Amino acid sequence: MKLPESYYLDTDVVKLSRDLIGKYLFSRLDGVVTGGYIVETEAYNGVIDKASHAYGNRLTPRTQTMFMQGGVAYVYLCYGIHEMLNIVTSVEGQPHAILIRAINPTIGLDIMQYRRNMAVIKPNITMGPGSVAKALGVSRKINGISLQSDTLWLEDQGLTFTDDEVAAMPRVGVDYAGDDALLPYRFYVKGNNYVSKPNR
């Protein structure tokens with residue numbers, strides 16, 4: 001059921017970012033499974049992408065996970081508050097990553113609701129990358145974990161969206177990246193309630 005390791009070795013991170021739309025993402029922590037299907041992603045194209053942590057071949061204790069062979073999770077802290085889950089892709093030494101910005105939850109909603117400290121379930125339970133990681137219980141403790149593990153993995157359950165159903169837009173919050181901020185590297189399912197703002 002899990003996406004094979006070979007899936008993540010594709011060197012076209014933009015193509016994979018689009019292809020991840022509709023794939024299922026699951027976590028199993030303390031024996032409890034939570035997850036859903038991916039409805040929003042952003043591609044980060046390695047050393048040539050000014051928006052990437054690894055731009056200019058920047059290798060640091062934080063970015064070293066990005067340089068691993070594709071098929072592991074890159075989890076980092078943003079603004080000292082939010083943990084962000086990325087899927088590392090491509091071959092070892094080529095630091096490509098795909099940020100998971102939103103999922104449509106399908107299993108373990110009560111657990112996600114508890115983790116998100118929400119009295120009632122609203123779309124923002126898994127809207128935005130910080131919410132995704134928190135709802136799934138993902139933290140930097142599992143940074144670098146294999147997506148073949150039983151803790152975090154992805155599945156293809158046959159759900160697909162046509163190109164007419166998926167928007168390709170500039171990424172969010174990367175104004176510092178100059179021209180690269182305008183690249184259409186953000187993909188999302190049009191009209192899905194869980195997609196983060198802006199969703200036009």
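## Salt bridges and a covered helix

E40 and R101 form a salt bridge, with their closest N and O atoms 2.8 Å apart; the term stands for a side-chain nitrogen of Lys or Arg within 4 Å of a carboxyl oxygen of Asp or Glu. The pair ties together distant parts of the chain, since E40 sits in strand 2 and R101 in strand 5, 61 residues apart. Both E40 and R101 are buried, where buried means under 20% relative accessible area, exposed over 50%, and partly exposed in between (1.4 Å probe, protein chains only).

A quick word on the ground rules. This is a predicted model, so local features need pLDDT of at least 70 and side-chain atom pairs count only at pLDDT 80 or more, while totals for chains, interfaces and linings use all residues. Residues are numbered from 1 along each chain as its sequence is written, and side-chain values use heavy atoms, with hydrogens and water left out.

Now the overall build. The protein chain has three helices and eight strands, in the order α-β-β-β-β-β-α-α-β-β-β from the N terminus. Helices (H or I, at least four residues) and strands (E, at least two) are DSSP runs, numbered from the N terminus. The radius of gyration is 15 Å, close to the 16 Å that the globule rule gives for 200 residues, so the chain is as compact as a globular protein of that length. That radius is taken over C-alpha atoms, and the rule is 2.2 Å times the number of residues to the power 0.38. Along the principal axes, the C-alpha atoms fill a box of roughly 45 × 35 × 35 Å. Buried residues make up 54% of the 200. Of the contacts (heavy atoms within 4.5 Å) with a separation of 6 or more, 61% are between residues 24 or more positions apart.

Back to the charges: the structure holds nine salt bridges, and three of them are laid out here.

| Pair | Closest N and O atoms | Residues apart |
|---|---|---|
| E40 and R101 | 2.8 Å | 61 residues |
| D150 and K2 | 2.8 Å | 148 residues |
| D49 and R171 | 2.7 Å | 122 residues |

D150 is in the loop between helix 3 and strand 6 (152–155), and K2 is in the segment before helix 1. K2 is partly exposed, with a relative accessible area of 27%. D49 lies in the loop between strand 2 and strand 3 (72–78), while R171 lies in the loop between strand 7 (166–169) and strand 8 (186–189). D49 counts as buried at 2% relative accessibility, and R171 does too, at 5%. Salt bridges with shared partners also join E40, E42, R101 and R186 into one network.

S17 has 0% relative accessibility, so S17 is buried. Leaving aside residues up to four places away in sequence, S17 touches T41, E42, A43, I98, Y185 and F187.

Helix 3 (residues 129–136) is another well-covered piece: seven of its eight residues are buried, so helix 3 is largely enclosed by the rest of the structure. The buried ones are P129, G130, S131, V132, A133, A135 and L136. Their cover includes strand 1 (24–29), strand 2 (32–45), strand 4 (82–89), strand 5 (96–107) and helix 2 (109–115). Just after helix 3, G137 takes a positive phi of about 75°.
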